[in-house]
Amino acid sequence: MNQTTMGLPTRYPGLIGADVVPLGDLPHGVRRHGQAEHDYTFGALPVPIEPGWMDRQVRIVALTGRGGAHFPVATKWAAARQAAVDDWTVVANGAEGEPASGKDATLLQLRPHLVLDGAEVAAAMVGARRIVIWLAEQARDSVDSIRLAIAERADRTGPPIEMVTTPERYLSGESSSIIRAIHGGPALPRTSFHPGRSWAGGPPVLVHNVESLARLAVLARTGAASYAAGSLVTVTDGDRRMVVESPAGETFAALFSRVKVPAPQAVLLGGYGGEWVGWSELEGLQVDPQKLRTAGRSLGAGVLLTLPAGQCGLRATAPIADWLAEQSAGQCGPCRFGLPAVADLSFRLAGRPRRREVERLEELLDLVDGRGACGLPDGAARMIRSALETFADEVRLHRCGHCTADQGQR
Amino acid sequence: MVNHAGGGPGRLLIDPVACDGVGMCAHLAPSLIELDPWGYPVIPTETVDGADARAAGRAVRGCPKLALRFVPSTDPDRSLRGDPPTVSTRTGLTRTN
């Protein structure tokens, strides 16, 4: 079988083919690829996919999952093979519940066939008989784009592709929620006592984020040798929101300069359950999942939310903590009761906290961390702990009744 | 499910979705289980053995919500990876890979 780069355009166009895609209003020349334009741009997907070859390519480029956890794709596939079961369902997870992220929606709207190609690649790896595209029902543009794309591929062989929509909430994109829903239950997280077999208790389900799938679709064409690694990120700076494809090797300083975002005070890296990182630490790091992991950080779902200079990080943190508390499904006691208490204290922190309130907040963070079925309480704890650390000077100011934001206005 | 805690080493795990904070477990295995401010169990020790494992078995059998499990250290399901039972990642939700 010929798995070379033959037929591929000499210049790899990137996943979304533009340097910067503002959310909401597409610039001239950036538009959805239908089937014909998709084939013209990326070349035909080599069919059939040879699983052994594909597995090697994924290992060579060390592809990680782009839903947030950056779990190695090869490890996930190895666990699936080890389970020695069949009747797999592959799920393309496009339910981007993270409010600060827009990369998955952008991909679904501009490059639906790249996502569907990737789902076919994943299906070939486990011999799946069914592909489900999992979307939030409120994401009308993504739903329309995928519906049209499925219709455009009516003549393709391969497993049937169906779209399943779910009410939009933070937890509906969580992988155990999806598995529970595919098994016929509610789209809410569940406890798994079976590491490596997260689907246990029902038919096997392999869930991949849509950007992971789009990268698989490109990798299946180029092979590891010609694969251009990179990451889709969503940059939010005040009212400006944009999706950017960051090529391998680019630093955060270079990225921010390229998209004309002034150097911030700090960045919320990864998402609402990510970490505040001071700009002095972040600017020299590369926008690269592996490099960030080495530096003890995580790109998460590719969210980069800026805290501009002169603003108060504690005032930015409290509403996020409050939002996360509201997103609790209420299934697990420590999350249901702990997160609202944590959010209350975060608002105290944004005002003039007493010393024992700061200490109480730290105690509660230890009490909610790791005690839910999903990672929601862990993420909230991580985000608030990072605020206490990154904005430690601000905490001292607030203890004395001052605030950076107020001083800036004088 | 596995709850035959016969004294061998293992881990006591909570299904936080099933748990309603009844608190029976903390009465049955006070050496192993504490309750948080909202009445939900906290298990500070990773691995339990000997008399503790027998107490763990009592707690497992006594939970009215069937929310506790004792997983022996030799269970192949657990040895696949040494991870904790809940999905925990560096970035909040495991939004799938």
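Analyst: Let us start with A:Ala266, whose bridge partner in S10(A) is A:Leu307. Please note that this is a predicted model, in which local features need pLDDT of at least 70, side-chain atom pairs count only at pLDDT 80 or more, and totals for chains, interfaces and linings use all residues. Residues are numbered from 1 along each chain as its sequence is written, and chains are lettered from A and ligands numbered from 1 in the order in which they are written.

User: How many bridges join S8(A) to S10(A)?

Analyst: Four bridges join them, and the two strands run antiparallel. Strands (E, at least two residues) and helices (H or I, at least four) are DSSP runs numbered from the N terminus; two strands pair if DSSP finds at least two bridges between them.

User: And how does S6(A) pair with S10(A), in the parallel or the antiparallel sense?

Analyst: S6(A) and S10(A) pair in the parallel sense, over three bridges. A:Val235 has A:Leu304 as its bridge partner in S10(A).

User: Is S10(A) buried or exposed?

Analyst: Five of the five residues of S10 (residues 303-307) of chain A are buried, so this strand is largely enclosed by the rest of the structure. A residue is buried if 20 or more other C-beta atoms lie within 10 Å of its own, exposed if 12 or fewer, and partly exposed in between, with C-beta atoms placed from the backbone.

User: Which way do its residues point?

Analyst: A:Val303, A:Leu305 and A:Leu307 point one way from S10(A), while A:Leu304 and A:Thr306 point the other way. In a regular strand the side chains alternate between the two faces of the sheet.

User: What is the strand order in the whole sheet?

Analyst: The six strands of this open sheet in chain A follow the order S1-S7-S6-S10-S8-S9, with mixed pairing. Strands S1 (20-22) and S9 (275-278) of chain A are at the edges with a single partner strand each, so one side of each has no neighbour in the sheet. The twist averages 25° from one strand to the next; axes are lines fitted to C-alpha atoms, for helices over the stretch in contact, and angles run from 0 to 180 degrees between N-to-C directions.

User: Which helix lies across S8 and S9 of chain A?

Analyst: That is helix H15 (residues 376-390) of chain A, running at about 25° to S9(A).

User: Changing topic: what about the parallel sheet?

Analyst: Four strands of chain A form an open sheet in the order S4-S3-S2-S5, with parallel pairing. S4 (161-166) and S5 (205-209) of chain A are the edge strands, each pairing on one side only. Helix H5 (residues 112-126) of chain A packs on this sheet, touching S2, S3, S4 and S5 of chain A. Within the sheet, five bridges pair S2 (residues 89-93) with S3 (residues 130-136) of chain A.

User: Which residues have the most contacts inside the largest nonpolar core?

Analyst: They include A:Val91, A:Val115 and A:Val342, in a core of 121 residues. H5(A) gives the most to this core, with nine residues. Such a core is a set of buried Ala, Val, Leu, Ile, Met, Phe, Trp, Tyr and Cys residues joined through C-beta atoms within 7 Å.

User: Finally, where is B:Asp20 found?

Analyst: B:Asp20 is in the loop between strand S1 (10-14) and helix H1 (24-28) of chain B. This residue counts as partly exposed because 13 C-beta neighbours lie inside 10 Å. Its C-alpha atom is separated by 7.1 Å from that of B:Lys65, 45 residues apart along the chain.

Key. Contact = placed C-beta atoms within 7 Å.
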